[in-house]
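Please look through the sequence and the structure below before reading on. The paragraphs that follow take up a helix pair, the surroundings of the ligand and a sheet.

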Amino acid sequence: MYPAPFRYHRPGTLGSALKLLAELGEGARPLAGGQSLIPILKMRMDEPSDLVDIGRLAELMHIRQEKNRVCIGALATHARIAVSAIAGEIPIIRDCAGGIADPQVRALGTIGGSVSIADPSSDWPALLHTLEAEIVCQGPSSKRAIKINDFIKDSYTNSLADAELVTEIQIPMPPENSGGAYIGFKKAAPAYPAASAGVQLTLADGNLCRDIRLVLGAAGPVPVTSRQVEQQLIGQPLAEKNLSQAAEALVELSDPPSDSRGSSEFKRAMLRSLFMRAANRAMQRAGGEKITGSHDYV
Ligand SMILES: Cc1cc2nc3c(=O)[nH]c(=O)nc-3n(C[C@H](O)[C@H](O)[C@H](O)COP(=O)(O)OP(=O)(O)OC[C@H]3O[C@@H](n4cnc5c(N)ncnc54)[C@H](O)[C@@H]3O)c2cc1C
């Protein structure tokens with residue numbers, strides 16, 4: 001199917017893109033990598049009057065460390081992030097970026113587009129919870145940073161105001177003795193995960209937990225997180241029993257739909273198992289082991 005007709009614009013700067021979006025009003029959509037928006041247009045699930053192509057704005061392509069935080073421009077592609085120095089330093093970022101879809105999608109799809117579309121199966125919104133990321137949103141005369149959990153409001157629903165763009169993702173650098181892992185389970189590379197789990201933790205002495213963030217992805221309309229479950233682990237040894245209890249509590253909060261990727265029961269079982277594997281890999285990495293690997297395929 002062909003998309004409904006639309007006008008196409010390609011502003012040369014971020015300022016002119018924001019101004020244009022404000023002038024064009026609610027019928028306009030920003031176009032980044034097009035890996036979600038173009039299929040949506042082709043299926044006529046959306047019929048915007050105007051597309052504002054932001055895909056070549058060099059101002060939004062950076063990936064850099066600034067003092068104690070990592071700043072990733074909204075237009076950084078999954079492929080660039082996967083091979084960046086930052087991904088080398090924070091392995092959970094490489095797990096996520098390198099596991100998304102296939103090389104074609106990774107070459108075009110962007111982190112800003114991924115958080116903006118807020119697809120319940122997208123990897124970045126889940127992953128970014130474990131790193132306590134903030135989403136920088138910019139309008140023609142405003143700029144604000146929103147915590148990822150507040151930014152994703154519901155399935156396919158974000159907190160952007162009219163004419164606002166996601167411009168940057170900010171991630172605090174994890175302290176020493178930290179490690180993380182994110183694992184998705186997929187039927188094939190060019191498919192979204194049926195289930196995913198992420199754990200980012202900081203160890204105190206031995207396997208004592210100083211701090212931890214947990215998430216289940218593709219597990220309901222929004223990523224499943226629980227500060228209460230995280231706090232129950234802090235100060236405790238990260239032993240099998242404690243982690244299984246945390247997995248059980250998180251899965252209890254999940255609501256994965258039965259669909260072509262599997263039944264709800266199957267996905268719950270996968271979420272439990274992926275969580276335990278991510279937690280163990282995170283501990284190994286926090287202990288200094290270099291472990292590669294991200295998503296699993298059937
Ligand atoms: C075959 C296939 C497999 C895929 N598999 C996976 C997968 O396994 N895991 C996964 O996470 N994703 C997957 N994706 C999605 C992919 O990661 C997309 O790149 C991503 O979801 C959207 O990024 P984009 O840059 O292409 O955004 P676009 O498609 O250009 O835009 C998506 C939406 O966000 C809006 N938007 C884009 N950028 C901004 C911005 N900076 N500010 C505000 N709004 C913005 C657009 O208006 C649109 O509504 C897959 C896609 C395909 C086609």
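**A helix pair, a ligand shell and a sheet**

In this predicted model, helices α5 and α8 are roughly antiparallel to each other, because an angle over 145 degrees counts as such and their axes cross at roughly 180 degrees. The axes of α5, which spans residues 91–99, and α8, which spans residues 123–130, come within 10 Å. On the α5 side the contact is made by Ile 92, Cys 96 and Gly 99, and on the α8 side by Asp 123, Trp 124, Leu 127 and Thr 130. Sorted by class, this contact has four nonpolar, two polar and one charged residues.

The largest share, five residues, comes from α7. Of the 31 residues around the ligand, those that come nearest are Gly 33, Gln 35, Gly 109, Gly 112 and Gly 113. By class, the shell has 17 nonpolar, eleven polar and three charged residues.

Elsewhere in the chain, four strands form an open sheet of mixed pairing, in the order β13-β12-β11-β14. Strands β13 (209–217) and β14 (296–297) stand at the edges with a single partner strand each, so one side of each is left without a neighbour in the sheet.

Methods. Residues are numbered from 1 along each chain as its sequence is written. This is a predicted model: local features need pLDDT of at least 70, side-chain atom pairs count only at pLDDT 80 or more; totals for chains, interfaces and linings use all residues. Axes are lines fitted to C-alpha atoms, for helices over the stretch in contact, and angles run from 0 to 180 degrees between N-to-C directions. Helices (H or I, at least four residues) and strands (E, at least two) are DSSP runs, numbered from the N terminus. Angles under 35 degrees count as roughly parallel, over 145 as roughly antiparallel, 65 to 115 as roughly perpendicular and the rest as oblique. Two residues are in contact if their C-beta atoms, placed from the backbone, lie within 7 Å. Ala, Val, Leu, Ile, Met, Phe, Trp, Tyr, Cys and Pro count as nonpolar, Asp, Glu, Lys and Arg as charged, and the others, Gly among them, as polar. A residue is near a molecule or strand if its C-beta atom, placed from the backbone, lies within 6 Å of it. Two strands pair if DSSP finds at least two bridges between them.
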